[in-house]
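Hi everyone, thanks for coming along. Please have the sequence and the model open as we go.

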Amino acid sequence: MCGIDGREQELGHLTGYRGPAPVRFGRGGSMRELATRKLVQPELRPSRVRLDEPRNIAVSPRALRGGRASADEPGTPDVPPAPAVRNGVVLRCALFGRLAGAERVVPMSAPTGSGKTVLMRSWITEAGLAGHTGWVPVDREVRHPRRFWIAVADALRGTAAGSALVRPLTPAPDLDGWAVVERLLNDLAPLQDRLWLLIDDAHLLDPGEVLPQLQLLLLRAPQNLRFVLATRHDLRLGLHRLRLEGELTEFRAADLRFKLAEARALFAAAGLDLPADALARLHGRTEGWAAGLRLAALSLVGHPDPQRFAAEFSGTERTVTEYLVAEVLDRQSEEVRRLLLRTSVLERVSGPLADTLTGRPGGERILQDLEQAGAFVVALDAHRSWFRYHRLFADLLQLELRRTEPDGRAALHGAAAAWLAGHGHPAEAVRQAQAAEDWELGTRLLSDNWLDLYLSGRGPTLAELLAGFPSRVVEASPELIAVQVAGDLLRGSVENAGRRLAQAIARLAAVPTHRRGRVHIMLAVLRLFLARRLLDFPVVAEEAQRLLALTEAADAAQFGLGEDLRAAALVSLGIAEMWALRFDDGERHLQQGVALARQIGRPYLELTALVHGAHAMLLFRPDASQTERSWQAIGLAERHGWGEEPLAGMAYAQVGFVLLYQGRLDDSEPWLERAERTLRAEVEPAAGMSLRHARALLELARGRPQDALAASDGAEKLAATLAGRIPS
């Protein structure tokens, strides 16, 4: 079913499923294509957009090179057919293809239940390789040298080619594994046909004797003898040599995770037709782990409410718990169990953080060992310093923690919050403080770090953290009410922002004395941001200049007045000056703000300066610079995953404006359409008005006066929302 022909493999051909042919964009492309597909972040540079004559855009064809299509982009291949199923087993054709074209040695390293054995067996059957494959399942007996090498010789002798070449091996108490390897190498030297040796559960092999002997066989085996080593963790086999020589094809846990379509096929094979949302939830909870999906399918058979089961499925499900306890948790020492249970309260864990929660050193070593052992611990960085647990495993650990330390969870959350706050992870610290129900600590942490989230473009995170406080706590805290103002501005709720800012200012006296100065500055920053949203640029300039003066004071750091705030004030002052037609001052402050934003690593603030500067220039003094800034902004947004943010929408609109003013209606329209999908007018009302005016002009040019009138009315309605008063 997968197009794998075992006879072709014997001849060394690379066969099997390759997936759809890659989609390639040509060197040329229309403005419509460019506007309606994601831009290629690393390839997009301002130099690729030039003015080939005054105020006329020319898009370099290179801007389209190397593009990657997605499901909603032009030229995307059809969705591949659903995976086939034979005898209840999903045929994983893409993996079969990788095995068919693999190099001489294939280590397959993944946790228990990842589907290694089923994958190998189904591949052998589908490819017709039963007569060309020797299978050695390792257990407690076969792990020792004498039994293992007898099993290897017997397995090879059971193949068509091996039966004529490999001599029988007589069991003997003094059987020498090294001698057996040399004998096998001599026997197999004349091998002409492709022969596979599959060693399952290779992690059980004796590391002192068997692994060095197996390494010798791997390094010196004839080219036509191929190996697959299925293991729960990496083996000490000196495989780096084979990797350097290009003779290694590695399979990891990520390769073996079931895709959503494969999960659907697995459930269908069990007679289950799950709704798409229920299937997606189960796939997400299991992270594509084969055993988790299989256990879910077994539990679902005959279940009266599949939707509810999918919503509630977790590592506490009885079948999953029994499996993970037996296969993973019960195999750990008391020290490791203590670390796993106590750190299960975390989203991610590092060695030093684990040491804090366990009260013992050595956490990083334990985590690295667990990750290498395939014990459902996933490294999150190349240095293997931060880790997370598989979701189902984390569920089980939390269940065990509640059983063994029912009164210790709050203390663990509190200790984690303190450590995370002290090591530069404020959002995680707030979540841990909320889990501990330490509302005072959580309030202080969010109040001190909201600006970091705001200037990083992490609006959803800020909203999520605010939602984690009970309403009674928020209503009683002037600081949290002030943070709500930032959330309102990010949502475009200007009226609520003004009302809450007035509440927070009125209740400033209720803030503890030692925090009042910091909160006072916080309110000034929010007043600046609200004034900018309402286009009250005199207030913007006044607050920005005051904040800049404060950042230069000797005690600035005491009140949180760092370079972040200075950069934000410079950008805001530059925008206000541009709208006041003080172009030289505005340009100077915007450039200073962009330079400082780059220096301190604030790309979202840089994006803000680029798009607002370009917008003001386009309105009041159009020239080549706003086009250059718009393209810089688009490239910056795409590189950081902000292509659907309102700020990116402003940049799309600006490109559309210029094309419209050039009379290039067909080129302009897709950019304006993209801006209309992305630019939320309630968040950026001034840009929203400009976009509606541009749409009105386009509709007039198209001969559609009613549509033009509707767009113009939309601009007037937006203008009416800007009549708010700035609290003082």
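**Salt bridges, helices and a surface patch**

Let's start with Glu250, which counts as partly exposed because its relative accessibility is 24%. Before I go on, a reminder that this is a predicted model. The partner of Glu250 is Arg252: their side chains meet in a salt bridge, 3.2 Å from N to O. Arg252 has a relative accessibility of 33%, so this residue is partly exposed as well.

How many salt bridges does a search of the whole structure find? The count is 51. I'll show you two others.

The next one pairs Arg167 with Asp187, and their closest N and O atoms are 2.9 Å apart. Arg167 sits in the loop between α6 (162–165) and α7 (177–188), while Asp187 belongs to helix α7, so this pair ties together parts that are 20 residues apart in sequence. Are the two partners buried or exposed? Arg167 is partly exposed, at 42% relative accessibility, whereas Asp187 is buried, at 9%. For Asp187, the cut-off behind that word is under 20%, and 9% is the value that puts this residue there.

The side chains of Glu669 and Arg702 form a salt bridge, 3.0 Å from N to O. This pair links distant parts of the chain, with Glu669 in helix α34 and Arg702 in the loop between α35 and α36 (705–720), 33 residues apart. Glu669 is buried, with a relative accessibility of 13%, and Arg702 is partly exposed, with 29%. The pair also belongs to one network, in which salt bridges with shared partners join Asp666, Glu669, Glu676, Arg695, Glu699, Arg702, Arg704 and Asp707.

While we're here, have a look at the helices themselves. Two packed helices are described by the angle between their axes and the distance between the axes. For α34 (residues 665–678) and α35 (residues 685–701), the axes come within 11 Å and cross at roughly 145°. The crossing of α34 past α35 is left-handed. Which residues make the contact? From α34 they are Leu665, Glu669, Leu672, Glu673, Ala675 and Glu676, and from α35 they are Leu691, Ala694, Arg695, Leu698 and Ala701.

Let's move to helix α31, residues 603–620, where we find Leu619. Leu619 is partly exposed, at 39% relative accessibility. Together with Leu581 and Phe620, Leu619 forms a nonpolar patch on the surface, and the three have about 260 Å² of accessible area together. What does His615 touch, leaving aside residues up to four places away in sequence? The list is Trp579, Met650, Gln654, Ala686, Ala687 and Ser690.

My last stop is helix α11, residues 260–269, where Glu262, Ala263, Ala265, Leu266 and Phe267 are buried. These buried residues pack against β3 (85–86), β4 (89–90), α12 (276–286) and α13 (290–300). After α11 comes Gly271, which has a positive phi, near 80°.

Key: Residues are numbered from 1 along each chain as its sequence is written. This is a predicted model: local features need pLDDT of at least 70, side-chain atom pairs count only at pLDDT 80 or more; totals for chains, interfaces and linings use all residues. Side-chain values use heavy atoms; hydrogens and water are left out. Patches are made of residues with over 30% relative accessible area and no salt bridge: like charges are joined within 9 Å, nonpolar side chains (Val, Leu, Ile, Met, Phe, Trp, Tyr) within 5 Å. Accessible areas come from the Shrake-Rupley method with a 1.4 Å probe; for residues, only the protein chains shown count as cover. A salt bridge is a side-chain nitrogen of Lys or Arg within 4 Å of a carboxyl oxygen of Asp or Glu. Helices (H or I, at least four residues) and strands (E, at least two) are DSSP runs, numbered from the N terminus. Buried means under 20% relative accessible area, exposed over 50%, partly exposed in between (1.4 Å probe, protein chains only). Contact means heavy atoms within 4.5 Å. Axes are lines fitted to C-alpha atoms, for helices over the stretch in contact, and angles run from 0 to 180 degrees between N-to-C directions. A crossing is left-handed if the near helix is turned anticlockwise from the far one by less than a right angle, and right-handed if clockwise.
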